[in-house]
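Please look over the structure below.

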Amino acid sequence: MAKVTREVVERAGVDVDQLLELLIKNAAAELTTYYYYTILRVNLIGLEGEGIKEIAEAARIEDRNHFEALVPRIYELGGSLPADMKAFHDISACPPASLPEDPTDVKALLKVLVEAERCAVRGYTQICNMTFGKDHRTYDLALAILHEEIQHESWFSEFLGEGPSGHFLRRGETSPFVRKFLE
Amino acid sequence: MRRFTLEDLARYDGKDGQPAYIAYGGRVYDVSESFLWQGGRHQVLHDAGTDLTAALDQAPHGEDLLERFPIVGLLIGSEEGP
(Lines give C-alpha, C1' and ligand atoms only; values in the text may rest on other atoms or scores of the structure.)
Protein backbone atom coordinates (compact mmCIF):
# COMPACT_ATOMS: atom_id res chain seq x y z
CA MET A 1 0.00 0.00 0.00
CA ALA A 2 1.11 3.55 -0.72
CA LYS A 3 0.40 5.00 2.72
CA VAL A 4 0.45 8.71 1.92
CA THR A 5 -1.46 8.09 -1.30
CA ARG A 6 -4.31 6.61 0.68
CA GLU A 7 -4.15 9.26 3.38
CA VAL A 8 -4.47 12.17 0.98
CA VAL A 9 -7.47 10.59 -0.70
CA GLU A 10 -9.14 9.97 2.67
CA ARG A 11 -8.41 13.53 3.77
CA ALA A 12 -10.01 14.81 0.59
CA GLY A 13 -13.25 13.19 1.77
CA VAL A 14 -13.36 9.99 -0.25
CA ASP A 15 -14.49 6.80 1.49
CA VAL A 16 -11.51 4.76 0.31
CA ASP A 17 -12.99 1.41 1.30
CA GLN A 18 -16.08 2.16 -0.76
CA LEU A 19 -13.93 3.33 -3.66
CA LEU A 20 -11.81 0.21 -3.45
CA GLU A 21 -14.87 -2.00 -3.58
CA LEU A 22 -16.01 -0.20 -6.69
CA LEU A 23 -12.57 -0.47 -8.31
CA ILE A 24 -12.40 -4.19 -7.55
CA LYS A 25 -15.92 -4.78 -8.89
CA ASN A 26 -15.08 -2.91 -12.07
CA ALA A 27 -11.79 -4.78 -12.42
CA ALA A 28 -13.86 -7.98 -12.18
CA ALA A 29 -16.19 -6.66 -14.85
CA GLU A 30 -13.26 -5.96 -17.16
CA LEU A 31 -11.64 -9.35 -16.79
CA THR A 32 -14.88 -11.29 -17.07
CA THR A 33 -15.91 -9.20 -20.07
CA TYR A 34 -12.57 -10.02 -21.69
CA TYR A 35 -13.45 -13.70 -21.22
CA TYR A 36 -17.06 -13.43 -22.42
CA TYR A 37 -16.08 -11.24 -25.39
CA THR A 38 -13.68 -13.98 -26.46
CA ILE A 39 -16.67 -16.29 -26.88
CA LEU A 40 -18.77 -13.58 -28.55
CA ARG A 41 -15.97 -12.77 -30.98
CA VAL A 42 -15.54 -16.40 -31.93
CA ASN A 43 -19.25 -16.51 -32.79
CA LEU A 44 -19.25 -13.34 -34.88
CA ILE A 45 -19.10 -15.11 -38.19
CA GLY A 46 -20.81 -15.02 -41.56
CA LEU A 47 -21.74 -12.03 -43.70
CA GLU A 48 -23.13 -10.05 -40.78
CA GLY A 49 -20.86 -11.19 -38.01
CA GLU A 50 -17.51 -10.69 -39.73
CA GLY A 51 -18.17 -6.96 -40.05
CA ILE A 52 -18.39 -6.65 -36.27
CA LYS A 53 -15.59 -9.01 -35.34
CA GLU A 54 -12.83 -6.37 -35.57
CA ILE A 55 -14.47 -3.95 -33.15
CA ALA A 56 -15.43 -6.76 -30.78
CA GLU A 57 -11.77 -7.76 -30.78
CA ALA A 58 -10.60 -4.19 -30.10
CA ALA A 59 -13.09 -3.87 -27.23
CA ARG A 60 -12.01 -7.25 -25.88
CA ILE A 61 -8.31 -6.33 -25.79
CA GLU A 62 -9.04 -2.90 -24.35
CA ASP A 63 -11.18 -4.37 -21.57
CA ARG A 64 -8.25 -6.58 -20.62
CA ASN A 65 -6.06 -3.46 -20.65
CA HIS A 66 -8.53 -1.76 -18.32
CA PHE A 67 -8.18 -4.64 -15.88
CA GLU A 68 -4.39 -4.35 -16.05
CA ALA A 69 -4.56 -0.60 -15.52
CA LEU A 70 -6.91 -0.86 -12.51
CA VAL A 71 -4.89 -3.40 -10.55
CA PRO A 72 -1.99 -1.12 -9.50
CA ARG A 73 -4.41 1.53 -8.23
CA ILE A 74 -6.28 -1.06 -6.16
CA TYR A 75 -3.06 -2.12 -4.43
CA GLU A 76 -1.77 1.45 -4.05
CA LEU A 77 -4.89 2.30 -2.08
CA GLY A 78 -4.51 -0.74 0.16
CA GLY A 79 -6.92 -3.08 -1.59
CA SER A 80 -6.35 -6.48 -3.13
CA LEU A 81 -7.96 -8.85 -5.60
CA PRO A 82 -9.92 -11.80 -4.19
CA ALA A 83 -7.87 -14.98 -4.02
CA ASP A 84 -10.79 -16.94 -5.47
CA MET A 85 -11.38 -16.42 -9.17
CA LYS A 86 -15.00 -17.65 -8.86
CA ALA A 87 -15.70 -15.07 -6.16
CA PHE A 88 -14.08 -12.42 -8.35
CA HIS A 89 -16.41 -13.29 -11.22
CA ASP A 90 -19.48 -13.08 -9.00
CA ILE A 91 -18.74 -9.62 -7.59
CA SER A 92 -18.47 -8.07 -11.04
CA ALA A 93 -19.94 -4.58 -11.42
CA CYS A 94 -21.69 -5.76 -14.59
CA PRO A 95 -23.69 -8.87 -15.48
CA PRO A 96 -21.98 -11.61 -17.50
CA ALA A 97 -21.89 -10.79 -21.22
CA SER A 98 -23.05 -14.30 -22.03
CA LEU A 99 -23.52 -15.71 -25.50
CA PRO A 100 -27.20 -15.35 -26.43
CA GLU A 101 -29.37 -18.44 -26.76
CA ASP A 102 -29.13 -18.27 -30.54
CA PRO A 103 -25.46 -17.57 -31.28
CA THR A 104 -26.24 -17.00 -34.97
CA ASP A 105 -28.44 -14.01 -34.08
CA VAL A 106 -25.95 -11.19 -34.67
CA LYS A 107 -28.36 -8.55 -33.43
CA ALA A 108 -28.71 -10.42 -30.13
CA LEU A 109 -24.91 -10.57 -29.86
CA LEU A 110 -24.71 -6.84 -30.49
CA LYS A 111 -27.26 -6.20 -27.75
CA VAL A 112 -25.10 -8.15 -25.30
CA LEU A 113 -22.06 -6.14 -26.36
CA VAL A 114 -23.75 -2.74 -26.14
CA GLU A 115 -25.35 -3.53 -22.75
CA ALA A 116 -21.95 -4.51 -21.37
CA GLU A 117 -20.44 -1.26 -22.59
CA ARG A 118 -23.31 0.78 -21.20
CA CYS A 119 -22.87 -0.83 -17.82
CA ALA A 120 -19.17 0.09 -17.95
CA VAL A 121 -19.93 3.68 -18.97
CA ARG A 122 -22.22 4.01 -15.95
CA GLY A 123 -19.67 2.42 -13.63
CA TYR A 124 -16.77 4.68 -14.59
CA THR A 125 -19.00 7.74 -14.56
CA GLN A 126 -19.82 6.88 -10.97
CA ILE A 127 -16.12 6.54 -10.09
CA CYS A 128 -15.32 9.82 -11.84
CA ASN A 129 -18.11 11.56 -9.92
CA MET A 130 -16.82 10.13 -6.67
CA THR A 131 -13.18 11.10 -7.21
CA PHE A 132 -13.39 14.37 -9.17
CA GLY A 133 -11.27 17.02 -7.48
CA LYS A 134 -10.40 14.61 -4.65
CA ASP A 135 -8.45 11.62 -5.91
CA HIS A 136 -6.65 12.86 -8.98
CA ARG A 137 -4.96 9.63 -9.95
CA THR A 138 -8.06 7.43 -9.73
CA TYR A 139 -10.04 10.11 -11.53
CA ASP A 140 -7.48 10.28 -14.33
CA LEU A 141 -7.53 6.49 -14.68
CA ALA A 142 -11.32 6.18 -14.54
CA LEU A 143 -11.69 8.99 -17.07
CA ALA A 144 -9.23 7.34 -19.46
CA ILE A 145 -11.17 4.08 -19.22
CA LEU A 146 -14.45 5.95 -19.61
CA HIS A 147 -13.23 7.49 -22.88
CA GLU A 148 -12.64 4.03 -24.29
CA GLU A 149 -15.87 2.53 -22.96
CA ILE A 150 -17.83 5.36 -24.59
CA GLN A 151 -16.14 4.59 -27.89
CA HIS A 152 -16.99 0.92 -27.53
CA GLU A 153 -20.63 1.74 -26.85
CA SER A 154 -20.65 4.00 -29.91
CA TRP A 155 -19.24 1.34 -32.20
CA PHE A 156 -21.81 -1.24 -31.21
CA SER A 157 -24.78 1.13 -31.07
CA GLU A 158 -24.18 2.15 -34.68
CA PHE A 159 -24.57 -1.44 -35.77
CA LEU A 160 -27.85 -1.63 -33.88
CA GLY A 161 -29.18 1.18 -36.04
CA GLU A 162 -29.13 3.82 -33.30
CA GLY A 163 -27.56 6.37 -35.61
CA PRO A 164 -24.03 7.54 -36.35
CA SER A 165 -21.65 8.04 -33.44
CA GLY A 166 -18.95 9.96 -35.27
CA HIS A 167 -16.31 7.48 -34.19
CA PHE A 168 -13.90 5.46 -36.29
CA LEU A 169 -12.37 2.07 -35.76
CA ARG A 170 -8.99 1.92 -34.08
CA ARG A 171 -6.16 2.58 -36.44
CA GLY A 172 -2.98 1.20 -34.99
CA GLU A 173 -2.61 0.32 -31.34
CA THR A 174 -5.39 -0.29 -28.87
CA SER A 175 -6.15 1.78 -25.75
CA PRO A 176 -5.17 5.28 -26.89
CA PHE A 177 -6.38 6.73 -23.58
CA VAL A 178 -5.43 3.99 -21.11
CA ARG A 179 -2.02 3.16 -22.59
CA LYS A 180 -0.20 5.54 -20.25
CA PHE A 181 -1.38 3.46 -17.28
CA LEU A 182 -0.13 0.16 -18.63
CA GLU A 183 3.15 -0.96 -17.11
CA MET B 1 -51.77 -3.26 -5.38
CA ARG B 2 -49.97 -3.78 -2.09
CA ARG B 3 -49.09 -0.67 -0.09
CA PHE B 4 -45.78 -0.46 1.78
CA THR B 5 -44.68 1.78 4.61
CA LEU B 6 -40.95 2.50 4.85
CA GLU B 7 -40.86 -0.02 7.71
CA ASP B 8 -42.49 -2.70 5.52
CA LEU B 9 -40.07 -1.94 2.73
CA ALA B 10 -37.05 -2.24 5.02
CA ARG B 11 -37.81 -5.94 5.53
CA TYR B 12 -37.16 -6.65 1.85
CA ASP B 13 -33.45 -5.94 1.97
CA GLY B 14 -32.29 -8.86 -0.18
CA LYS B 15 -30.47 -10.48 2.73
CA ASP B 16 -31.01 -13.87 4.42
CA GLY B 17 -33.28 -15.10 1.65
CA GLN B 18 -35.51 -12.02 1.62
CA PRO B 19 -36.48 -10.55 -1.76
CA ALA B 20 -34.83 -7.25 -2.69
CA TYR B 21 -37.33 -4.42 -3.09
CA ILE B 22 -36.56 -0.77 -3.72
CA ALA B 23 -38.83 2.24 -3.97
CA TYR B 24 -38.68 4.99 -6.53
CA GLY B 25 -41.23 7.71 -7.21
CA GLY B 26 -43.80 6.08 -4.96
CA ARG B 27 -43.58 2.70 -6.65
CA VAL B 28 -41.97 -0.40 -5.16
CA TYR B 29 -39.90 -2.56 -7.52
CA ASP B 30 -38.71 -6.13 -7.07
CA VAL B 31 -35.03 -6.20 -8.13
CA SER B 32 -34.31 -9.64 -6.65
CA GLU B 33 -33.53 -11.15 -10.05
CA SER B 34 -31.00 -8.51 -11.01
CA PHE B 35 -27.31 -9.44 -11.07
CA LEU B 36 -26.65 -5.84 -10.07
CA TRP B 37 -28.61 -6.22 -6.82
CA GLN B 38 -26.97 -9.38 -5.48
CA GLY B 39 -27.14 -9.56 -1.71
CA GLY B 40 -29.42 -6.53 -1.68
CA ARG B 41 -26.64 -4.09 -2.60
CA HIS B 42 -26.18 -2.09 -5.78
CA GLN B 43 -22.81 -0.73 -6.89
CA VAL B 44 -21.53 -0.56 -3.32
CA LEU B 45 -23.55 2.56 -2.50
CA HIS B 46 -27.21 1.54 -2.42
CA ASP B 47 -29.20 -0.90 -0.30
CA ALA B 48 -32.42 -2.71 -1.02
CA GLY B 49 -35.29 -2.10 1.36
CA THR B 50 -35.02 1.66 0.97
CA ASP B 51 -36.55 4.54 -0.96
CA LEU B 52 -34.01 5.49 -3.63
CA THR B 53 -35.97 8.36 -5.17
CA ALA B 54 -33.44 11.01 -4.15
CA ALA B 55 -30.45 8.75 -4.80
CA LEU B 56 -31.46 8.15 -8.41
CA ASP B 57 -30.93 11.84 -9.16
CA GLN B 58 -27.23 11.26 -8.47
CA ALA B 59 -27.00 7.94 -10.30
CA PRO B 60 -25.32 7.50 -13.69
CA HIS B 61 -28.59 6.19 -15.13
CA GLY B 62 -32.21 7.23 -15.33
CA GLU B 63 -35.44 5.69 -14.11
CA ASP B 64 -35.84 3.89 -17.43
CA LEU B 65 -33.66 1.07 -16.10
CA LEU B 66 -36.27 0.41 -13.42
CA GLU B 67 -38.81 -0.42 -16.11
CA ARG B 68 -37.07 -3.80 -16.42
CA PHE B 69 -38.33 -4.81 -13.00
CA PRO B 70 -41.82 -5.74 -11.80
CA ILE B 71 -43.72 -3.26 -9.67
CA VAL B 72 -44.94 -5.03 -6.55
CA GLY B 73 -46.59 -2.17 -4.72
CA LEU B 74 -46.83 1.47 -3.79
CA LEU B 75 -44.97 3.34 -1.08
CA ILE B 76 -47.22 5.07 1.44
CA GLY B 77 -46.14 8.52 2.47
CA SER B 78 -43.81 9.05 -0.45
CA GLU B 79 -43.89 12.59 -1.87
CA GLU B 80 -44.64 11.14 -5.28
CA GLY B 81 -46.57 8.16 -4.05
CA PRO B 82 -50.19 7.38 -3.27
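The largest nonpolar core has 47 residues. Ala27(A), Leu40(A), Ala56(A), Leu113(A) and Ile145(A) touch the most other members. Such a core is a set of buried Ala, Val, Leu, Ile, Met, Phe, Trp, Tyr and Cys residues joined through C-beta atoms within 7 Å. Buried means that 20 or more other C-beta atoms lie within 10 Å of a residue's own, with C-beta atoms placed from the backbone. The elements giving two or more residues to this core are α2, α3 (46-76), α5 (106-131) and α6 (136-159) of chain A. The top giver is α2(A), with 13 residues. Apart from this core lies another, of 16 residues, including Leu9(B) and Val28(B).

This is a predicted model: local features need pLDDT of at least 70, side-chain atom pairs count only at pLDDT 80 or more, and totals for chains, interfaces and linings use all residues. Residues are numbered from 1 along each chain as its sequence is written, while chains are lettered from A and ligands numbered from 1 in the order in which they are written.

Chain A averages a pLDDT (the predictor's confidence in each residue, from 0 to 100) of 96.

Strands (E, at least two residues) and helices (H or I, at least four) are DSSP runs, numbered from the N terminus. Two strands pair if DSSP finds at least two bridges between them.

| Strand pair | Sense | Bridges |
|---|---|---|
| β2(B) (residues 21-24) and β3(B) (residues 27-30) | antiparallel | four bridges |
| β3(B) and β6(B) (residues 71-75) | antiparallel | three bridges |

Tyr21(B) has Asp30(B) as its bridge partner in β3(B).

Seven residues of chain B are in contact (C-beta atoms, placed from the backbone, within 7 Å) with nine residues of chain A.

Definitions and conventions. Two residues are in contact if their C-beta atoms, placed from the backbone, lie within 7 Å. A residue is buried if 20 or more other C-beta atoms lie within 10 Å of its own, exposed if 12 or fewer, and partly exposed in between; C-beta atoms are placed from the backbone.
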